[in-house]
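Reader: I would like to learn how to read a protein model feature by feature. Could you walk me through one, starting from the backbone and the surface?

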Amino acid sequence: MSISLKAKVMSNQPVGPEIFLLTLEAPAIADAARPGQFVMLRVSPGPDPLLARPFSIHGVEGGKLLILYQVKGKGTKLLAQARPGSELLVWGPLGRGFDLAAERPALVAGGMGIAPLAFAAERLEERGAAFDAFYGLASKEAFIAWDSVSGDGAFFLEDWGWNGASEDGSVGLHGLVTEPLRTRLEQDGERPGAVLACGPLPMLKAVALLCAEFEVACQTSLEAPMACGVGACLGCAIPSVGGGYLRACQEGPVMDASLVDWKKI
Ligand SMILES: Cc1cc2nc3c(=O)[nH]c(=O)nc-3n(C[C@H](O)[C@H](O)[C@H](O)COP(=O)(O)OP(=O)(O)OC[C@H]3O[C@@H](n4cnc5c(N)ncnc54)[C@H](O)[C@@H]3O)c2cc1C
Ligand code: FES
């Protein structure tokens with residue numbers, strides 16, 4: 001069930017290059033939220049822009065909803081100006097989240113894909129479930145100086161033992177995140193029960209193909225332009241295997257990678 005409410009901005013602080021952590025008071029949404037689900041958020045109290053923007057749920061703290069976002073264009077620029085005490089219209093939780101039931105899953109995040117996977121990691125930690133985590137980013141500068149568990153501004157990579165990879169080699173392994181993932185998949189006894197991935201489409205495609213090669217179940221969280229977020233506009237269509245489309249906002253954003261026609265993406 002999706003809930004619509006006016007949420008009070010508790011804080012909206014920079015935590016990285018053009019990256020902000022927004023905390024909203026939204027108890028009804030926070031209580032119902034599951035990792036991988038998202039909300040639609042009106043980025044300003046005024047009428048412009050009219051369309052809400054989709055954001056993954058990065059975490060919940062009591063009745064508060066955490067959103068980790070990067071400034072991209074008009075909407076997120078406006079959002080970065082939201083001051084504590086103001087109110088923003090938000091509805092959710094929306095869509096299908098990650099299935100966290102697999103034995104020792106591997107979480108694979110690319111860039112801002114860390115937003116929903118940090119929430120998944122938190123839930124796995126709470127229930128004492130073992131998991132491995134992989135984080136790919138362009139460079140050390142792209143690090144997000146925020147740890148939603150301790151709240152002390154520590155880096156994910158160091159605190160949580162994430163296997164890091166960076167494209168310029170400035171942190172972790174020099175290369176793409178799929179390289180340490182491949183190494184793990186090649187180790188027979190160490191194979192994850194499932195791979196849970198979120199990041200740019202080329203990364204998701206590479207992860208999906210890798211999982212197919214090693215016959216490991218793969219759940220991908222897909223981003224698509226979303227106007228309504230509730231299945232009505234078809235703006236978020238993702239090509240599906242066997243023809244037709246899946247709506248990222250309804251059948252996703254987390255989809256079994258075997259259902260997606262990656263050749264058309
Ligand atoms: C399910 C879902 C969850 C998301 N979660 C997060 C999140 O946790 N944190 C975060 O920072 N962003 C997230 N996004 C992306 C976020 O919605 C867009 O960055 C945002 O809508 C851009 O709005 P804007 O008005 O600032 O930019 P616009 O002016 O609308 O666009 C600026 C640039 O951003 C690109 N863009 C716009 N919409 C999207 C989109 N849906 N996906 C990818 N690129 C887009 C455009 O192509 C353009 O290049 C998510 C998107 C989806 C669909
Ligand atoms: S965003 Fe409108 S149908 Fe998915």
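Reader: Is Leu 234 buried or exposed?

Author: Happy to start there, and keep in mind that this is a predicted model. Exposed means over 50% relative accessible area. Leu 234 has 57% relative accessibility, so it counts as exposed. Leu 234 sits in the loop between strand 13 and strand 14 (237–239).

Reader: What is the phi of Leu 234?

Author: First the general idea: most residues other than glycine have a negative phi. Leu 234 has a positive phi, near 65°. Glu 215 also deserves a look, with a positive phi near 55°. Glu 215 is found in the loop between helix 6 (201–213) and strand 13 (217–221), and at 76% relative accessibility it counts as exposed.

Reader: Which peptide bonds are cis?

Author: As a rule, most peptide bonds are trans. Here, the bond from Asp 48 to Pro 49 is cis, with omega near -5°. Pro 49 belongs to the loop between strand 3 (38–41) and strand 4. Another cis bond joins Gly 252 and Pro 253, with omega about 10°, and Pro 253 is in the loop between strand 15 and strand 16.

Reader: What is Ala 248 in contact with, leaving aside its neighbours within four places in sequence?

Author: Pro 253 is one of those partners, and the others are Leu 222, Ala 224, Met 226, Cys 236, Ile 238 and Met 255. Ala 248 itself lies in the loop between strand 15 (245–247) and strand 16 (254–256). Buried means under 20% relative accessible area, and Ala 248, at 0%, therefore counts as buried. For a sense of distance, Ala 248 and Ser 170 are 78 residues apart in sequence and 34 Å apart in space, C-alpha to C-alpha.

Reader: How should I read helix 3 (residues 114–126)?

Author: Start with span, then burial. Helix 3 has 13 residues and reaches 18 Å from its first C-alpha to its last, close to the 18 Å expected at 1.5 Å a residue. Helix 3 is largely enclosed by the rest of the structure, because 10 of its 13 residues are buried. Among them are Ile 114, Leu 117, Phe 119, Glu 122 and Leu 124. Just after helix 3, Gly 128 takes a positive phi of about 70°.

Reader: Now the ligand. Which residues come nearest to ligand 1?

Author: Of the 18 residues around ligand 1, the nearest are Arg 53, Pro 54, Gly 75, Thr 76 and Glu 223. A backbone N or O atom of Pro 54 is 2.6 Å from a ligand 1 oxygen, and a side-chain N or O atom of Thr 76 is 2.4 Å from a ligand 1 oxygen.

Reader: How much of ligand 1 does the protein cover?

Author: The protein covers 72% of the 860 Å² of accessible area that ligand 1 has on its own. Strand 4 (53–56), strand 6 (64–70) and helix 2 (74–79) are the elements giving two or more residues to the shell, and strand 4 gives the most, with 4 residues. By type, the shell divides into 9 nonpolar, 5 polar and 4 charged residues.

Methods. Residues are numbered from 1 along each chain as its sequence is written. Chains are lettered from A and ligands numbered from 1 in the order in which they are written. This is a predicted model: local features need pLDDT of at least 70, side-chain atom pairs count only at pLDDT 80 or more; totals for chains, interfaces and linings use all residues. Side-chain values use heavy atoms; hydrogens and water are left out. Buried means under 20% relative accessible area, exposed over 50%, partly exposed in between (1.4 Å probe, protein chains only). Contact means heavy atoms within 4.5 Å. The expected span of a helix is 1.5 Å times one less than its number of residues. A residue is near a molecule or strand if one of its heavy atoms lies within 4 Å of it. A polar contact is a pair of N or O atoms within 3.5 Å; within protein, one must be able to donate a hydrogen and the other to accept it, and residues adjacent in sequence count only if both atoms are side-chain atoms. Accessible areas come from the Shrake-Rupley method with a 1.4 Å probe; for residues, only the protein chains shown count as cover. Ala, Val, Leu, Ile, Met, Phe, Trp, Tyr, Cys and Pro count as nonpolar, Asp, Glu, Lys and Arg as charged, and the others, Gly among them, as polar.
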